[in-house]
Amino acid sequence: MSAFWVSLRIVLPALAFVVPIGAALGFFLARSRSALRAIVDSLVLVPLVLPPSVVGYALLIVLGRQGPLGSVLETLFGVRLVFSGAAASIAAATVALPLMAKGAEAAFVRVDRELEEVAMANGLGPWATFRLVTLPIALPGLGVATTLAALRALGEFGATLTFAGYSARTATAPLEVYFAMQRGDDARALSLSLVLVVASVGAALLLRAWSRR
Amino acid sequence: MSDVPRLVVDARLHVPSFDLDLQFTATRGIVVFFGPTASGKTLALRLIAGLERATSGFIRLGEQTLDDAARTFARAETRGVGYAPQHGALWPHRTAREHLTALTTLARASELLAVVGLERQADRTPVHLSGGERQRLSLARALTRSAKLLLLDEPFSALHDDARAAMGDVVRDHAKRGATVLFVTHDRSEATRLGDAFVVFRDGVGAVADAI
């Protein structure tokens, strides 16, 4: 089951980035009335609507050895991202971020503004209001968003293959299924697929429990 | 009672589909905001609470300018008021006690729960409280920080007569300790029973009246 171990080592760092950044983006989208909001709203959806292979290719262009960011990383820090586990994490984070951001936006939109106003009008500052009122009320919705983002990251295939390639460090469960099938190792493809199905159904049940709270 | 002006309001507020024009001076005691539904009473409280910003004019509390249209604006959390909005706006995830400990110490929270008669309901969330209990909790929350300016929007609408009288005494006590209470109601008998002064609202204009 080492494919799942590889998957976890790629998805967990991706989520460590996606959950806080996506929640912050969602809060901004839910609350901002600035012109910047429309721009962020459009941009955040791009990785969701593009074909994953294009997302992977875009990452390759920007973060590849000749890319504007990739070349800087390599000369300054000696970091070579392409075809590494970190690259797979970046690919997973890129495709999962829109789901976290849009899910978090929905969670924060559902918080009745009057509940925050009454907190402030009785003397609570913005941070205390967020901590004591907004966040606890949005939490179930943030749980749903996190689960969806985690599932998307776990199921990532196209961007990962394009940007991170298929190697021992990047052989996540979905990639393993495809390459086992190509090799004619049907037993491995089938067993991995079954585990993925069971995990997804479990997550869907978890989602249902969260969204009913 | 002192007749030193404490709250001086001469402000206008334009929001989509409503214009509010508010002009009054309140001394200590209970000032009743009286008028029909949709005459601007709630919007006036929101303006004084700092949840809306005046389009023109000013609001002063003692020496402090709360709102001077373009120049000064004290945000809601720094105004030092106590506010009980019309439908309570209780926090669904917090128990009665936690509504108060969000703002004060456990000891003060217990004391206030006793004042409004909610000791036995202290560990219940709003969904497990009756309409009257919710209103008493909303009142207790507004009293938590012993604000010099208390803003109550139809605070007794769901209370039975006995509870209404008891909570009226609680508000009266608070006013006697030197606070100004702005009390919104459209109930004439409640207005005359509690009011030391009246601001009458009609079509968005709120002005001082000797009687109602």
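Leaving aside neighbours within four places in sequence, which residues is R108(B) in contact with? In this predicted model, R108(B) is in contact with L143(B), T144(B) and S146(B) once those neighbours are set aside, where contact means heavy atoms within 4.5 Å. Residues are numbered from 1 along each chain as its sequence is written, while chains are lettered from A and ligands numbered from 1 in the order in which they are written. Because the model is predicted, local features need pLDDT of at least 70 and side-chain atom pairs count only at pLDDT 80 or more, whereas totals for chains, interfaces and linings use all residues; side-chain values use heavy atoms, with hydrogens and water left out.

**Chain A as a whole**

- Chain A has ten helices and zero strands, these being DSSP runs numbered from the N terminus (helices are H or I with at least four residues, strands are E with at least two).
- The C-alpha trace of chain A spans about 65 × 45 × 25 Å along its principal axes.

**A nonpolar patch on chain A**

- L36(A), I39(A), L43(A), V46(A), L50(A) and V54(A) form a nonpolar patch on the surface, and together they have about 500 Å² of accessible area, a quantity that comes from the Shrake-Rupley method with a 1.4 Å probe, with only the protein chains shown counting as cover for residues.
- Patches are made of residues with over 30% relative accessible area and no salt bridge, with nonpolar side chains (Val, Leu, Ile, Met, Phe, Trp, Tyr) joined within 5 Å and like charges within 9 Å.
- Helix 2 of chain A (residues 36–49) gives the largest share of this patch, four residues, and V46(A) is found in that helix.

**Where chain A meets chain B**

- The contact takes 16 residues from chain A and 20 residues from chain B.
- Chain A and chain B bury about 1,600 Å² between them, 61% of it on carbon and sulfur atoms; buried area is the accessible area (1.4 Å probe) that two parts lose on being put together, summed over both.
- Of the area that chain A buries against chain B, V118(A), A121(A) and N122(A) supply 36%, more than any other three residues.
- The rule finds one salt bridge across this interface, a salt bridge being a side-chain nitrogen of Lys or Arg within 4 Å of a carboxyl oxygen of Asp or Glu.
- E117(A) forms a salt bridge with R46(B), and their closest N and O atoms are 2.7 Å apart.
- On the side of chain A that touches chain B, the elements giving two or more residues are helix 6 (113–121) and helix 7 (126–154) of chain A, and the largest share, seven residues, comes from helix 6.

**Two residues of chain B**

- E52(B) is placed in the loop between helix 1 (41–49) and strand 4 (56–61) of chain B, and a polar contact of 3.0 Å joins the side chains of E52(B) and R46(B).
- A polar contact is a pair of N or O atoms within 3.5 Å; within protein, one must be able to donate a hydrogen and the other to accept it, and residues adjacent in sequence count only if both atoms are side-chain atoms.
- R108(B) lies in helix 3 of chain B (residues 106–115), and a polar atom of its side chain lies 3.2 Å from the backbone oxygen of L143(B).
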